[in-house]
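Visitor: I have a structure open and would like to learn how to read its features. Could you walk me through a few of them?

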Amino acid sequence: MPGMKMPGNFFLVGLMGAGKTTVGRALAKAAGKTFYDSDHEIEAKTGARIPTIFELEGENGFRQREAEAITELTQLKNIVLATGGGAVLNPLNRAALRRHGYVIYLCATPEELYQRTCHDKNRPLLQTADPKARLSELFAIRDPLYREVADLVMDTSQQSVNSLLQLLLKELERKT
Ligand SMILES: Nc1ncnc2c1ncn2[C@@H]1O[C@H](COP(=O)(O)OP(=O)(O)O)[C@@H](O)[C@H]1O
Ligand SMILES: O=C(O)C1=C[C@@H](OP(=O)(O)O)[C@@H](O)[C@H](O)C1
Ligand SMILES: [Mg+2]
């Protein structure tokens, strides 16, 4: 049933380190869609990196910018959008994602998420004494929200980006 529910957009949600940006870019290329990342759009618009925005405007300031970006980006057609991990906290973002595209939740264990993010200083929420514990807390809060918006849940545990891409393409072909 092509096009019944899908206007041709794929939206990726999940925690930091789930692979939204990496898998999203590969999926867009393979599916012939334009790739966007809400964090990159915010950085391009402000001319500032995400940690700087958190420093200057706090998480709330960032969330406002993120909501504006999600509103604008979900209006586009034939795109793959990698959202930031906290985008689903805002009910308006959840509604826009559900309404305008097919939502894919990339999940992994907090331990794997930690392994994938521990060398990168660009995630302000993980700049704590115990980033593993922080990821577990965020998982507990957000996993139900990711599941609430998801049309498809993909377990990324012990899967390479390329094998995930192949799995995803097969699932999307079958389901969309
Ligand atoms: N399935 C995977 N297996 C191993 N490493 C991965 C996988 N997906 C992503 N990564 C790596 O994890 C890091 C974070 O990925 P990224 O795409 O930035 O995640 P997100 O956008 O969800 O925070 C990157 O270094 C990326 O190469
Ligand atoms: O989970 C979060 O709240 C955040 C995730 C980040 O994006 P990624 O999920 O792409 O790392 C980025 O939006 C910001 O640091 C906040
Ligand atoms: Mg990302």
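This is a predicted model: local features need pLDDT of at least 70, side-chain atom pairs count only at pLDDT 80 or more; totals for chains, interfaces and linings use all residues.

Visitor: Where is threonine 21 placed, and why does it count as partly exposed?

Guide: Helices (H or I, at least four residues) and strands (E, at least two) are DSSP runs, numbered from the N terminus. Threonine 21 sits in helix 1. A residue is buried if 20 or more other C-beta atoms lie within 10 Å of its own, exposed if 12 or fewer, and partly exposed in between, with C-beta atoms placed from the backbone. Threonine 21 counts as partly exposed because it has 18 C-beta neighbours inside 10 Å.

Visitor: Which residues come nearest to ligand 1?

Guide: A residue is near a molecule if its C-beta atom, placed from the backbone, lies within 6 Å of it. Of the 15 residues around ligand 1, the nearest are Gly19, Lys20, Thr21, Thr22 and Arg116. Helix 1 (20-31) and helix 7 (161-175) are the elements that give two or more residues to this shell, and helix 1 provides the largest share, 3 residues.

Visitor: What does UniProt say about Thr21?

Guide: UniProt positions are given in the numbering used here, feature names are shortened, and annotations may be inferred rather than shown by experiment. In the unreviewed UniProt entry, the annotation "binding site" covers Thr21. The feature "binding site" is also placed by UniProt (unreviewed entry) at Asp39, Arg63, Gly85 and Arg142.

Visitor: Is aspartate 39 buried or exposed?

Guide: Aspartate 39 counts as buried because it has 24 C-beta neighbours inside 10 Å. Its place is in helix 2 (residues 38-46). Leaving aside neighbours within four places in sequence, aspartate 39 is in contact with Ile50 and Gly84.

Visitor: And where does arginine 142 lie?

Guide: Arginine 142 lies in helix 6 (residues 131-149). With 19 other C-beta atoms within 10 Å, arginine 142 is partly exposed.

Key:
Residues are numbered from 1 along each chain as its sequence is written. Chains are lettered from A and ligands numbered from 1 in the order in which they are written. Two residues are in contact if their C-beta atoms, placed from the backbone, lie within 7 Å.
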